Every structure is written in structure tokens, then in C-alpha cells.
Protein chains: 2
Amino acid sequence: MTSAPALVPRPLARARPLVEPALREAVDRLHPWLARIVGYSFGWCAADGSPSATPGGKGIRCALALLAAEAAGGAARDAVPAAVAVELVHGFSLVHDDIMDGDELRRSRPTVWKAYGTGPAVLAGDAMLTVAMATAARTGSRAALGELVGALDWLVRGQAEDLAFESRAFTGPDAVTVEEYLAMASGKTGALLGCAAAMGAALAGARGEAVTAYRDFGRHLGVAFQAIDDVLSVFGDPHRTGKPAGGDLTSGKKTLPVLEALAASTPASSRLARLLLERPLAEGQLTEAALLIDRAGGRRRTEAWAHIHHQRALHALHSAAPLPCPKADLTEVAAHLLHRTA
Amino acid sequence: MTSAPALVPRPLARARPLVEPALREAVDRLHPWLARIVGYSFGWCAADGSPSATPGGKGIRCALALLAAEAAGGAARDAVPAAVAVELVHGFSLVHDDIMDGDELRRSRPTVWKAYGTGPAVLAGDAMLTVAMATAARTGSRAALGELVGALDWLVRGQAEDLAFESRAFTGPDAVTVEEYLAMASGKTGALLGCAAAMGAALAGARGEAVTAYRDFGRHLGVAFQAIDDVLSVFGDPHRTGKPAGGDLTSGKKTLPVLEALAASTPASSRLARLLLERPLAEGQLTEAALLIDRAGGRRRTEAWAHIHHQRALHALHSAAPLPCPKADLTEVAAHLLHRTA
């Protein structure tokens, strides 16, 4: 892989300020107690509600929605309800997934359930999902609403697969396959990125075929994104990712680098398989596991999957016949996601 | 109060068989693992997935949707998507509320989080909510979808209030007032009953004013229902309710009989206030608390609230100008809810 661009690309930096006022307005209409919890999850405030400048997410979904609207010949503002809805669904999925996975840290801060308790975290996630649906319903666009509803179906299915993987084996006849993993990632991560682009295009008046192409663009980008996420979860710098080093390895999560390393049937694969039986791994074992994953080709092959889905995304984008400037911006965002380090 | 009718009224018994095939079809489209958990929550199977004849809920929301459609001049089948959506939202709220409240028993069986774990219960609830939204979106009726989205907003707000009550006092300046309680119940319970009736009417082609009247009918019925639920949680027979005796009292939940008893400022009120400081209550103390609530008029005044909201519901129903036969059925269902013992 080439080295990472140092800065957040302009199209990403531009999207958030356009969306955040509407997002804050939607959150402010919630019960005050829930508005605070949701605000914390978005990095707008500390757990006690005092203002905070914690950087939020990357705003990828916002940018995809706005740029797809422009690419389809509309204005960025057409897609603001799509961006708000998708950011809220993304926030909902993070808050609930952290409960399911028992993760205690996100973006270097306690996760919502850790900060407020499981019950309030469940309800805050429910509230985010509810507001997202209300936002989509208010657009009056059946196509946009259909995209959100369809994406939620895939998102939940992907999360179910991911949880079901936990009780499956790393090796042997019951082992999770790379294909199953990619299908899961297409749901868990691809669905919402696809939804962002498709909803944005639909709200800008794009026709059915173009909307489908934007959806495919986002879906493939999502799989590429998830593959890179998995690489970072094993090899990333915890100071940059905001998550503990090797967290996914410690918890025995089936991530793509591990599955690819095990499937490679190299001596390093066999040593990795034996090591994974000793979970939870101690710190020294984490380093060894990462080394074995790398040696068995797990990292390289995962990056290759990211590359393949990146190419498929660009192909889908091209077939949507986007306007040139927003197409360049979408291409830049896609490249950024592929080469990111956090 | 008059004594309870012994049997489930015909309009209630009739609704479920009309709705259940569509509900099962919607659930069957979920990830198989989630379909099993959701099936368990509806009483269709045991925790291991084996078929079971556990009685499910009362099917009140189904009946309201179907009868409102008939009352508005449509057919019961017009409202099946409304009934499916509302049953799913009801199921979602039970599964998530049981996590938030830490309740371990519902309908005499382990709650979903107790049977499958918190993570799977969170996801199963999310799946139910998602399918509900998809069902409403597929009707293509903006009015019906708007009712569901609006009801979810109130439902979440009501649940937030209910959770916030937990950290409030029973007495003194910070005490939860009866008015606050009724507003919470209107959201937590009224919103979805109102939604059932309004969605059913909307799908049958009712006009805006009539839809609003059906919504008001369901909302008030919901408050009456919740008041009776609170009475049963203190004075009901656990063999009939399927919940542990005095569960709400033990956990220090602010229910209407307690709030009314405390607000009455009788000697029994003061003794009750002192007793509630000693939570968690032992079994003997539970009996004493129930006696004090009764003596301070908490039971009687809660039943009076149920009666008032029952009357308001009938008034709203009348103003919707329903057809005579379904009106009689809706009236019978309302009476059943007021006089039930489980």
C-alpha cells in the first residue's frame, strides 16, 4: 500500500459543518437526558454534559451523502436529511455494538454504556434510531426511506452474523470462511455507506439505476473500509485509533487478517491457530500473534481485499455517471479511506 | 370497580389469528438466530427454538388496529401491516425495557436478556424495531408511517422519563408528581395504543381529524391500561400476571398507586414513606407496603384515574364517528382492559 495522506481531504472536512447544525437540532429535540447521552456519543460534550471538543467520527457517511447528491446533479443541502439520518444510525450502531461486544473504549473515551450504564445506552441508541427514521420519513421521499430501511435490515443482519461468528471456530469444518466474513462486512459496514450515497443521490432526484450504482459504490467502499479497520485493529497505533492495541485479537474476534492468515495453511498459520487456543492472549502473545498474521500473509491478503473492493467501488461510481467535480471528490474520499492510519 | 369478565372478549380473540401469519412471515425473514430470539419473545418457541404454546401477549394493539380500520369504513385486513408494525414495536420495547429494568421474568418465563444474554437481546430488539419500520414504510401511506414515527418518539421519551424517575425521590420537593407520572404513561403506554388505532384508521383511508381522534382514543386507553397495570403490580395475583409479586415495589419504581398514596398525606402515607426508605423491601414489608398504599387511598385513586382516562377514550372514540359494530367492539375491548385481572 502507498503511504497515508497526512491530512483529512477537503471533501470530508467540508461535509461536517454543513450537517452538524441539523444533526444537533434533531438531537436537541430529544428528552434532555437522552440528548446529553447522544451528545456525548457524538463527542459534543463530556459525560457530565459540559462542552467538549472531542473530535467525533470522520464524517465519511455525511460526505458520501452530500457528494452523491452533488454528483447526481443536486445541491449538497438536498442530502442533509440523508446525512443526518445516516450519522444517527451509525451512532446508534456504535452505541449498541459496544454493549454487545463489551468494548470499554472508543475514540480514547469510555464507551456510552461504560459512561452511563447499559440501560441508558440501550435507550440512547433506540432514540438515535428513532430520530433517524423520523428524519428520513419527513423527507417524503419513498426512495430515500426505502434505502434507509433496506440498509437497517442489512446492518442488523451483519451484526447478527458478527455475533454468531463468536461461537464459531477459527479452524476446522465449522471455521468462519473469508466469504462469510466479506458478506458480514458488506452488511455491517457496507450497508450504511451504501445507504448514505444512495439516499443522497435519491434526495437529489437521481433515477433508480443511478441510485443503485451509488449504493453499490458505498457498499464496496464499506467492505474496503472494514478490511482496513481490521488491519488497524491488529497493526494500528492505539494512540491514533483510540482503541486498545490488539483489542479484537484479545477478544477472539474473527477479523479478516486472522481468517486469511489461518486459511493460508503456512507454518505461521498453524502456530497462530495454536496460539489462538490460549485466549485471552497476554501482551507478549498479542505481539507474537500479530507477527504470525503478518508472516502468514494475513495482512497482505486483507489489504488486497480492500484494494479489490475499492476498485469495485470506483467501477460502480463510474457507472452512476456522476458530474466530474463531485466524482473527483468521491474518488478522493475513497482513496483516503483506503490509505488511512486511524 | 366491577368484577372482571371471565373470558377474553371476541374482538380480541379474533384479531390475533388475522395478524399472526403476517407477523411470523416478517420475523421469518430475519437472520435465523434473531428469528429464534424474536420468536421466543413472542411466545412461539422455547429458548432452544423448540415449538411452544406459551400464550403471547393479549393482542390488544392488534385488535385496536383492525377494529379502527373497520370503524373507519375499511376492512380488518387493511390494517394488518399496522398491527404487525405495532406488535413488533411493542415486542421491541418489552425486550429493551426488561434490560433497562433488570427484570428477569415476563409471562412466567425468563426475559429475553436472561435467556440469551444482554447483547443478543439488544440486537433482537433492534431487529424488531427495524422490521416494524420496514413494514410501515412498505404500506406507502405517509400518514401511517407518520403515526409510527411519532409514536416511537413518545415511546422513547416516556421510557426516558420512567428511567429518570428512578433517581428521583418519593417525597419532598424533588418527588415525582402524579401529573409527571401521567405524562410518562401517556408516552410509554399510550403512544403505542394510540398508534395502533390511528395507523389502522389511516390505512383504511380515514381523514386527518378522524385519525387524530382514534389516536386520542388509544392514548387515553393506554393511560387507563397503565394505571390498571400498576394496580396489578402491587395487588395482582403473580400466578395470573406472570410477574413476581410486588416487583415494582421491591425495585422502588414510582408507580401511580405509590405516588397517589404518598400524595394523600394520611398517616398511612407517612408510614409508607418511611417504609420505602428501607428498600429493598423484604417479603413481610411488601405486604405491609401494599396495605399502606391501599389504606392511603393509592389503589382507589389510581383506579379513578383509569376510569377518567377510560371515559376520555370513549369520548374520543365517539368523536371519530365510527361505524356502529366496530365501535361496539372497541368499547368492549376498552372495558376489558379496565376490568382485567392479568
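This is a predicted model: local features need pLDDT of at least 70, side-chain atom pairs count only at pLDDT 80 or more; totals for chains, interfaces and linings use all residues.
## How the two chains are related

Chain A can be superposed on chain B by a rotation of 180° with 0.0 Å of shift along the axis, and the RMSD is 0.0 Å. The two copies are thus related as by a two-fold rotation axis. The interface fits this picture: 100% of the interface residues of chain A are also interface residues in chain B, so the copies meet through the same surface.

## The interface

The size of an interface is often given as the accessible area lost when the parts come together. Here chain A and chain B bury about 2800 Å² between them, and 77% of this area is on carbon and sulfur atoms. On the side of chain A, the residues that lose the most area to chain B are A:His31, A:Thr130 and A:Val156, which together account for 18% of what that side buries.

Counted by contacts, 33 residues of chain A meet 33 residues of chain B. The rule finds six residue pairs in polar contact across this interface, both residues being at pLDDT 80 or more.

Which helices of chain A each supply at least two residues of the side that touches chain B? They are α2 (32-41), α4 (80-101), α6 (118-138) and α7 (142-166). Of the elements on this side, α6(A) gives the most, with 12 residues. Sorted by class, the side of chain A that touches chain B holds 19 nonpolar, seven polar and seven charged residues.

## Salt bridges in the structure

Side chains of opposite charge can pair when their charged atoms come close. Over all chains, the whole structure has 36 salt bridges.

| Pair | Closest N and O atoms |
|---|---|
| A:Arg14 and A:Glu70 | 2.6 Å |
| A:Arg168 and A:Glu180 | 2.8 Å |
| B:Glu147 and B:Arg215 | 2.8 Å |

In the pair of A:Arg14 and A:Glu70, A:Arg14 lies in helix α1 (residues 10-28) of chain A and A:Glu70 in helix α3 (residues 60-71) of chain A, so the pair ties together parts that are 56 residues apart in sequence. A:Arg14 is partly exposed, at 29% relative accessible area, whereas A:Glu70 counts as buried at 19% relative accessibility.

A:Arg168 forms a salt bridge with A:Glu180. A:Arg168 sits in the loop between α7 and α8 (178-203) of chain A and A:Glu180 in helix α8, so this pair links parts 12 residues apart in sequence. Both ends count as partly exposed, A:Arg168 at 22% relative accessibility and A:Glu180 at 31%.

In chain B, B:Glu147 is bridged to B:Arg215. B:Glu147 belongs to helix α7 and B:Arg215 to helix α9 (residues 208-235), so the pair ties together parts that are 68 residues apart in sequence. B:Glu147 counts as buried at 11% relative accessibility, while B:Arg215 is partly exposed at 24%.

## A charged network and a buried aspartate

In chain A, a network of salt bridges links A:Asp97, A:Asp101, A:Asp162, A:Lys188 and A:Lys253.

In chain B, is B:Asp162 buried or exposed? B:Asp162 counts as buried, at 5% relative accessibility. This residue lies in helix α7 (residues 142-166) of chain B. Leaving aside residues up to four places away in sequence, B:Asp162 touches B:Met184, B:Lys188 and B:Lys253. The side chains of B:Asp162 and B:Lys188 are joined by a polar contact of 2.7 Å.

Key. Residues are numbered from 1 along each chain as its sequence is written. Chains are lettered from A and ligands numbered from 1 in the order in which they are written. Side-chain values use heavy atoms; hydrogens and water are left out. Contact means heavy atoms within 4.5 Å. Buried area is the accessible area (1.4 Å probe) that two parts lose on being put together, summed over both. A polar contact is a pair of N or O atoms within 3.5 Å; within protein, one must be able to donate a hydrogen and the other to accept it, and residues adjacent in sequence count only if both atoms are side-chain atoms. Helices (H or I, at least four residues) and strands (E, at least two) are DSSP runs, numbered from the N terminus. Ala, Val, Leu, Ile, Met, Phe, Trp, Tyr, Cys and Pro count as nonpolar, Asp, Glu, Lys and Arg as charged, and the others, Gly among them, as polar. Copies are superposed by least squares on the C-alpha atoms of residues with pLDDT of at least 70 in both. Buried means under 20% relative accessible area, exposed over 50%, partly exposed in between (1.4 Å probe, protein chains only). A salt bridge is a side-chain nitrogen of Lys or Arg within 4 Å of a carboxyl oxygen of Asp or Glu.
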